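Reader: I would like to learn how to read the packing of a protein chain from its coordinates, feature by feature. Could you take me through one example?

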Amino acid sequence: MANNSRCCDGFASMPSPGGSESGQFEDGLRKPFADGGIVDLVFATLAETRLPVGSWVQQYVSETREPLDCASYQNSLTESGKNNDMVLSNLMDGVAEKYNGNLKTILLYSSKRFQHDASSADLFGRLTEAKIGKFAIPNPKKAFLGQSLSVLASDIRFCFVGAHFPVSELADALESTSGNTLETAKIILARTLRKVLRRASRKDILTDRTVLVLQGDLNSRTVLQPGESGATDVLFELLRDRQLQAAIQHDLNLPDGEWHE
């Protein structure tokens, strides 16, 4: 679906995250939870897509929808253009987007529970997959981007971040026959998570009343270690490593916090 721009023509025909057997994407916007609770927010990340998400969101907003009556979206290529005045670089990004796809996010929510946090800047950062010499090869889908909502009648804020993490360095570590593959993979993943926090810190997004929600394609998480009977989940091992958790946010001027899954 991600790279097939003809797979669907809107939310009504887009498969749900659970696959076509689970219904369409739009079905999940209205179905109550198992306990009968009403859905008040949906956040989705398309990590590698050519689908015209922007026009779909505009169509959604133009129609009266309940319970999710507010909608917004982000596009990595567009966000990159806001922060880049180099015409040639923007042109190369556009060519790369047509070949590789793009990172896009959809945020739908109820105005009875949330509001857009105008005091919080949008979050965006590029993640380098490969280089030629000192220059990064354009790849707009390898990035992270986010926007914030505040809970009505509360000082709690959520920052919803979609991401597509680089894989080349991690792949090299997983294929290496020397050293501690798991520890190397954890450090690579930790550096990327730190980049997200560092950018959020610079934008003054994170406070002691903010929850940052990260989703998307975090790429290879499975490590097969010599002498071990099964696979090891890199992210799981990273999250329970107290030293690495501390290193990820060290000296970023952030309130105490941790990554969880």
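Predicted model: local features only at pLDDT ≥ 70, side-chain atom pairs only at ≥ 80, totals over all residues.

Reader: How should I describe the way in which helix 5 and helix 7 are packed, and at what angle do their axes cross?

Author: In general, two packed helices are described by the angle between their axes and the distance between the axes. Here the axes of helix 5 and helix 7 come within 8 Å and cross at roughly 35 degrees, and the crossing is right-handed. Helix 5 contributes Lys186, Ile187, Ala190, Leu193, Arg194 and Leu197 to the contact, while helix 7 contributes Leu244, Ala247, Ile248 and Gln249. Sorted by class, this contact has seven nonpolar, one polar and two charged residues.

Reader: Which residues of the largest nonpolar core touch the most other members?

Author: The general idea is that, in soluble globular proteins, nonpolar side chains tend to be buried together. The largest nonpolar core in this model has 32 residues, of which Leu123, Leu212, Leu238 and Trp259 touch the most other members. Strand 11 (157-164), helix 4 (168-175), helix 5, helix 6 (234-239) and helix 7 are the elements that give two or more residues to this core, and the largest share, nine residues, comes from helix 5. There is also a second, separate core of 17 residues, which includes Val42, Trp56, Leu68 and Ile106.

Reader: With which residues is Leu238 in contact, leaving aside its neighbours within four places in sequence?

Author: With those neighbours left aside, Leu238 is in contact with Lys186, Leu189, Ala190, Leu193, Leu244, Gln245 and Ile248. Of these, Lys186, Ala190, Leu193, Leu244 and Ile248 are also among the residues that make the contact between helix 5 and helix 7.

Reader: Is Lys142, a charged residue, buried or exposed?

Author: The cut-off for buried is under 20% relative accessible area, and at 4% relative accessibility Lys142 therefore counts as buried. Lys142 is placed in the loop between strand 9 (135-136) and strand 10 (143-151). Apart from neighbours within four places in sequence, its contacts are Arg126, Leu127, Glu129, His164, Phe165, Pro166, Val167 and Asn219.

Reader: Turning to the backbone, what is the phi of Asp204, and where does Asp204 lie?

Author: Asp204 is not a glycine, yet its phi is positive, at about 55 degrees. Asp204 lies in the loop between helix 5 (181-202) and strand 12 (210-217), and at 62% relative accessibility it counts as exposed. Asn253, likewise a residue other than glycine, has a positive phi near 55 degrees. Asn253 lies in the segment after helix 7 (242-249) and, at 77% relative accessibility, counts as exposed.

Reader: How many helices and strands are in the chain, and what percentage of its residues is buried?

Author: The chain has seven helices and 14 strands, and buried residues make up 43% of its 261 residues. Among contacts with a separation of 6 or more, 69% are between residues 24 or more positions apart.

Key
Residues numbered from 1 in each chain as written. Heavy atoms only, no water. Helix = DSSP H or I, 4+ residues; strand = E, 2+ residues; numbered from the N terminus. Buried < 20%, exposed > 50% of the residue type's maximum accessible area, 1.4 Å probe, protein only. Axes fitted to C-alpha atoms, helices over the stretch in contact; angles between N-to-C directions. Left-handed = near helix turned anticlockwise from the far one by under 90°. Contact = heavy atoms within 4.5 Å. Nonpolar A, V, L, I, M, F, W, Y, C, P; charged D, E, K, R; others polar. Core = buried A, V, L, I, M, F, W, Y, C linked by side-chain atoms within 4.5 Å.
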